[in-house]
Amino acid sequence: MFDRHQAGEQAVLVHIDFPQENAREDLQEFEMLVSSAGINSLTVITGKRDTPHPKYFVGSGKAEEIREAVNLFDADVILFNHVLSPSQEKNLEALCQCRVVDRTTLILDIFAQRARTHEGKLQVELAQLRHMSTRLIRGWTHLERQKGGIGLRGPGETQLETDRRLLRERMHNIRGRLAKVEKQRHQGRRARERAEIPTVSIVGYTNAGKSTLFNRITDSDVYAADQLFATLDPTLRKLHIEDVGKIILADTVGFIRHLPHDLVAAFKATLTETREAHLQLHVVDISDERRADNIAQVDAVLKEIEANEIPQLLVCNKIDNLHDVAPRIDRDEQGKPIRVWLSARANIGLELLSAALTELLATELIEHRLKIPPSAGKLRGTLYQLNCIKEESYDEQGNCFLDVTLPLREWNKLLKVGKTDLEGFIQH
């Protein structure tokens, strides 16, 4: 029913420059998208217009140029770096006798290739169905109307109506399954909130180096590659930060210019980790000439998913690609860290990021010297699990003396759940 390109296909790319900022797309980024989808670019046809043409999106002369390029290179598909209407796609396909794929469909297809988890696959399918429902007529033009005449009259739905009904039922089914997954996620978040474990979410433009940084910090093996949307499914890892304790680090999908609204809507559940984080690490490829624009695009998506009020630490990544840039921490007037300059790939400046996280997440710390009798050995084990013991010694009676430093919230939690007289063990 639906046209899908296959990896390794030969494509003619079309990119049009518009004067309006909200209609402008980036050609270099489009070529990276095409490469990420596994498609071979045969040629790029560019042009300039003030507004899209209602019939072909491009002018009739440019449409003829595209048709000639398709015949010359024997292309399998035409890829547009723009969002086309269903009628524009249909008209171009009729003219060029070749499949036409717009930017939104291409991004959805890359997401479909990258999805690994059950939730990710469901979200991509829902976004695809939403997008394709407007283009359903393309697959069934020969069954657009029921035939009349003797023996063929009567009630019943057309093939197109049947497909629309099946589509609606499938979307309803997926939404129900996603609601169950979201409920499980919510329960996980509530458990972390009860345990008062801070969540740090890594956000940023696609291909900024988020997964490489995530792997360096957590010693994980999340898939990281020099391509757009290498990461799609969120990955959570526990991490221990000095003077803070345990935190949850979340690696999320990268953002991009004009991210399709269907995708933003579909991935709102996944991006909840970003919306409910205590801190966002906004990773920026500082060697990219378009870094200022990329930052603005990420901030725009964060606003769209209502995550723009969360405290943010800017991580200026890939300083190894620049000359004479040393790792450092930039601070505001109050001395609070606002930017960290580092290179995740070259393993430069990561200790500065840990120091900045400590400053931003550390709560009030308390220090105590505890005298723990042999009968309360379990408490000593609990304190070792919290990684808060600085020094330990024993007396002749077997009493254990511990110098501990831990966040106030962890101390209060021990007081709340402790079956022993914890305050009675404090040495004044």
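This is a predicted model: local features need pLDDT of at least 70, side-chain atom pairs count only at pLDDT 80 or more; totals for chains, interfaces and linings use all residues.
Q: What makes a set of residues a nonpolar core, and which residues have the most contacts inside the largest one?
A: The members must be buried nonpolar residues joined through side-chain atoms within 4.5 Å. The largest such set has 27 residues, and Val34, Ile39, Leu79, Leu106 and Leu302 have the most contacts inside it. At least two residues each come from strand E1 (10-17), helix H1 (27-36), strand E3 (77-80), helix H4 (103-114) and helix H10 (291-304). H4 gives the most, with four residues. In soluble globular proteins, nonpolar side chains tend to be buried together.

Q: What is Val34 in contact with, leaving aside its neighbours within four places in sequence?
A: Val34 is in contact with Leu13, Ile39, Leu79 and Leu106. A second, separate core has 23 residues, including Ile202, Ile241, Leu249 and Leu281.

Q: Why is H4 called largely enclosed by the rest of the structure?
A: Of the 12 residues of H4, 10 are buried, so the helix is largely enclosed. Among them are Arg103, Asp109 and Arg114, along with Leu106, Ile107, Leu108 and Phe111.

Q: How does the reach of H4 from its first C-alpha to its last stand against the expected value?
A: H4 reaches 17 Å, which is close to the 16 Å expected for its 12 residues at 1.5 Å a residue.

Q: Why is Trp411 called buried?
A: Buried means under 20% relative accessible area. Trp411 has 5% relative accessibility, so it counts as buried. Its place is in helix H13 (residues 408-417).

Q: Which residues is Trp411 in contact with, leaving aside its neighbours within four places in sequence?
A: Trp411 is in contact with Ile366, His368, Leu370, Leu406, Leu422 and Ile426. Leu422 is 11 residues from Trp411 in sequence, and their C-alpha atoms are 9.5 Å apart in space.

Q: What makes E13 and E14 a pair?
A: Strand E13 (residues 389-394) and strand E14 (residues 400-407) have five bridges in the antiparallel sense. Since at least two bridges are needed, the strands count as paired. Glu392 stands opposite Leu402 in E14. The hairpin has five residues between the strands, and Gly398 takes a positive phi near 90° there.

Q: How many helices and strands does the chain have, and what share of its residues is buried?
A: The chain has 13 helices and 14 strands. Of its 428 residues, 47% are buried. The chain exposes about 21700 Å², of which carbon and sulfur atoms supply 48%.

Notes. Residues are numbered from 1 along each chain as its sequence is written. Side-chain values use heavy atoms; hydrogens and water are left out. Buried means under 20% relative accessible area, exposed over 50%, partly exposed in between (1.4 Å probe, protein chains only). Accessible areas come from the Shrake-Rupley method with a 1.4 Å probe; for residues, only the protein chains shown count as cover. Contact means heavy atoms within 4.5 Å. The expected span of a helix is 1.5 Å times one less than its number of residues.
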